[in-house]
Amino acid sequence: MSVAFTREEDLEATAADLVDRPISPHPNHVTAEGLAQIEAELAAARAAYAAAQASGSIEADRTAMARATRDLRYWLARRASARLLEPPANGRVRFGKRFIIEREDGRTQTWRIVGEDEADPAQGSVSHVSPLARALMGKGVDDEAEVAGQTVVVIEVE
């Protein structure tokens with residue numbers, strides 16, 4: 001149905017009744033950078049909540065406070081369950097480590113295994129629960145793994 005055929009009150013109620021962000025059932029492993037990111041998101045949610053309280057519009061307040069409250073619940077839960085892991089010094093693919101793989105077609109890719117909230121494949125970081133991370137966890141230089149139907153070789157672990 002088009003928004004043109006809804007009442008404004010209905011739109012406000014929808015914005016105010018936001019569903020919670022889903023919390024992953026996996027362990028919340030984080031790097032030091034990931035923990036800092038959680039803290040920054042938590043501070044941003046607190047600031048958004050304070051701004052919503054200070055606003056003059058009741059409707060805007062209700063919607064903004066609902067969003068800020070939802071984000072606060074999510075980031076507080078993620079902060080409470082965060083487990084900071086330092087990468088081990090061995091030459092194996094592990095959480096927090098950066099590594100380079102070579103694909104069958106000769107392309108090389110650099111990845112880092114991080115926590116779910118900090119994963120950004122476009123920036124070269126993947127979650128520890130991703131298929132790539134699971135396939136390569138514990139591998140060393142010259143080890144092979146099957147990833148997305150292709151064989152990849154670990155050529156470097158930093």
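Contact, as used in these legends, means heavy atoms within 4.5 Å. The structure shown is a predicted model.

**View 1. The largest nonpolar core of the predicted model.** This core consists of 15 residues. Val 93, Phe 99, Ile 101, Ile 113, Leu 132 and Leu 136 have the most contacts inside it. Two or more residues each are contributed by the strands β3 (98-102), β4 (108-114), β6 (144-147) and β7 (150-157), and by the helix α4 (131-136).

**View 2. The surroundings of Phe 99.** Leaving aside residues up to four places away in sequence, Phe 99 touches Val 93, Gln 109, Thr 110, Trp 111, Ile 113, Leu 136, Glu 156 and Val 157. Of these neighbours, Val 93, Ile 113 and Leu 136 are also listed with Phe 99 among the core residues with the most contacts.

**View 3. Asp 117 and its neighbours.** Asp 117 lies in the loop between β4 and β5 (125-127). Its side chain forms a polar contact of 2.6 Å with the side chain of Tyr 74. When residues up to four places away in sequence are not counted, Asp 117 touches Asn 28, Gln 37, Ile 38, Tyr 74, Trp 75 and Arg 78.

View 4. Asp 142 belongs to the loop between α4 and β6, and its phi is near 75°, although the residue is not glycine. Asp 142 counts as exposed because its relative accessibility is 60%, and exposed means over 50%. Ala 148, in the loop between β6 and β7, is likewise not a glycine and has a positive phi of about 50°. Ala 148 is exposed, with a relative accessible area of 77%.

Notes: Residues are numbered from 1 along each chain as its sequence is written. This is a predicted model: local features need pLDDT of at least 70, side-chain atom pairs count only at pLDDT 80 or more; totals for chains, interfaces and linings use all residues. Side-chain values use heavy atoms; hydrogens and water are left out. A nonpolar core is a set of buried Ala, Val, Leu, Ile, Met, Phe, Trp, Tyr and Cys residues joined through side-chain atoms within 4.5 Å. Buried means under 20% relative accessible area, exposed over 50%, partly exposed in between (1.4 Å probe, protein chains only). Helices (H or I, at least four residues) and strands (E, at least two) are DSSP runs, numbered from the N terminus. A polar contact is a pair of N or O atoms within 3.5 Å; within protein, one must be able to donate a hydrogen and the other to accept it, and residues adjacent in sequence count only if both atoms are side-chain atoms.
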